[in-house]
Amino acid sequence: MAVLSAVREISSFIDPFSEASLVIVDADKGSLWVNTKITLKSYLGDPKKTAAAVLLTAIGWMAYEARDFAAGKIADHIWDNVFGKDAAGLSEDDRKEIASIVAKTIEAKIGQKPTQEVFAELESDPVVKGATVTGSNKEVPDYVVPRSEFRRRSGYGPADQQILRRRTTTEPATVTLISPVLELGNRRWKFRIGKSEFGAPIKDVGFLEAVLSGNISIVMKSGVQLTVLLETVEEYKNGAWTPVDRTVLRVLGLPTQAGGRQGSLFSRKQDD
């Protein structure tokens, strides 16, 4: 059974020590609706979080669009639709942790292949007009995959939109200052690395206060450079990692200029 294969593959990825099974509770004779229950026979981590992550990942592949779950944030209405009143038993930290697990699982495409087999089987049966997976047999699902989508989801139709993949790196970088912001806050200073210009807030409050108080004076000329600890968020699109956001976490200092002399981008004012 392809659905069981998908659940087991997802469960094994989330918790390698888990063993998941599907128990058929009952079925609606008037349709192909089957009421099942995911059970974990063994596990290492928190069984409640593991089961929730397994269910949400399966729903991401089989009911919604997987990319909606890949950014690490799941909309409130999805929590309510999947878990109903049980969602109230999950704290905000629980939700964030579960959403992060689901995102990593979907980004790794765990469960995608057996899910494609599910839709291939459904497409072969002309009686089936729609399909979905939901967390409750008492709630009407807010989305049903129509038959017209079966071929695409089986992997034979047009390629689905790329699943969002994101990574964050933090490393020292030499940046050229284009324009500063002379006030505290999260407004973005403008910098350049090579030929690429970008805006980034500076989180180094000590540096900002020193600049604004005049203890550090910035020489207003072209080619002014800073060495900073730069946090860069990238998304994988069209076969390449593309920066989508940057933040200067700390100002480290100045690079050594030509001739071996230390640059004088800023100088501390001396007391009279």
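This is a predicted model: local features need pLDDT of at least 70, side-chain atom pairs count only at pLDDT 80 or more; totals for chains, interfaces and linings use all residues.
Back inside α3, which spans residues 76-83, which residues are buried? They are I78, W79, N81, V82 and F83. The cover over these buried residues includes α2 (47-62) and α4.

## Helix α2

Now for α2, one of the helices that cover α3. It has 16 residues, and going from its first C-alpha to its last takes you 22 Å. That's close to the 22 Å you'd expect at 1.5 Å a residue.

How much of α2 is buried? The count is 13 of its 16 residues, so the rest of the structure largely encloses this helix.

## A loop residue with a positive phi

Next, find K109 in the loop between α4 (92-107) and α5 (112-123). Most residues other than glycine have a negative phi. K109 isn't a glycine, yet its phi is positive, at about 60°.

Is K109 buried, exposed or something in between? With a relative accessible area of 42%, K109 is partly exposed; that label covers values between the 20% and 50% cut-offs.

## The five-stranded sheet

Over to the strands. Five of them form an open sheet in the order β7-β6-β5-β9-β10, and the pairing is antiparallel. At the edges you'll find β7 (196-200) and β10 (240-253). Each of these two has a single partner strand, so one side of each has no neighbour in the sheet. On average, neighbouring strands here are turned by 45° against each other, if you ignore direction.

Let's zoom in on one pair. Strand β5 (residues 166-179) pairs with strand β6 (residues 189-193) in the antiparallel sense, over three bridges. What stands opposite L177? That's F191, in β6.

## The whole chain

Finally, zoom out. The protein chain has seven helices and 11 strands. Of its 272 residues, 38% are buried. Its accessible surface comes to about 16000 Å², and carbon and sulfur atoms account for 50% of that.

And the contacts? Take those in the chain with a separation of 6 or more: 60% of them are between residues 24 or more positions apart.

Conventions. Residues are numbered from 1 along each chain as its sequence is written. Side-chain values use heavy atoms; hydrogens and water are left out. Two strands pair if DSSP finds at least two bridges between them. Helices (H or I, at least four residues) and strands (E, at least two) are DSSP runs, numbered from the N terminus. Axes are lines fitted to C-alpha atoms, for helices over the stretch in contact, and angles run from 0 to 180 degrees between N-to-C directions. Buried means under 20% relative accessible area, exposed over 50%, partly exposed in between (1.4 Å probe, protein chains only). Contact means heavy atoms within 4.5 Å. The expected span of a helix is 1.5 Å times one less than its number of residues. Accessible areas come from the Shrake-Rupley method with a 1.4 Å probe; for residues, only the protein chains shown count as cover.
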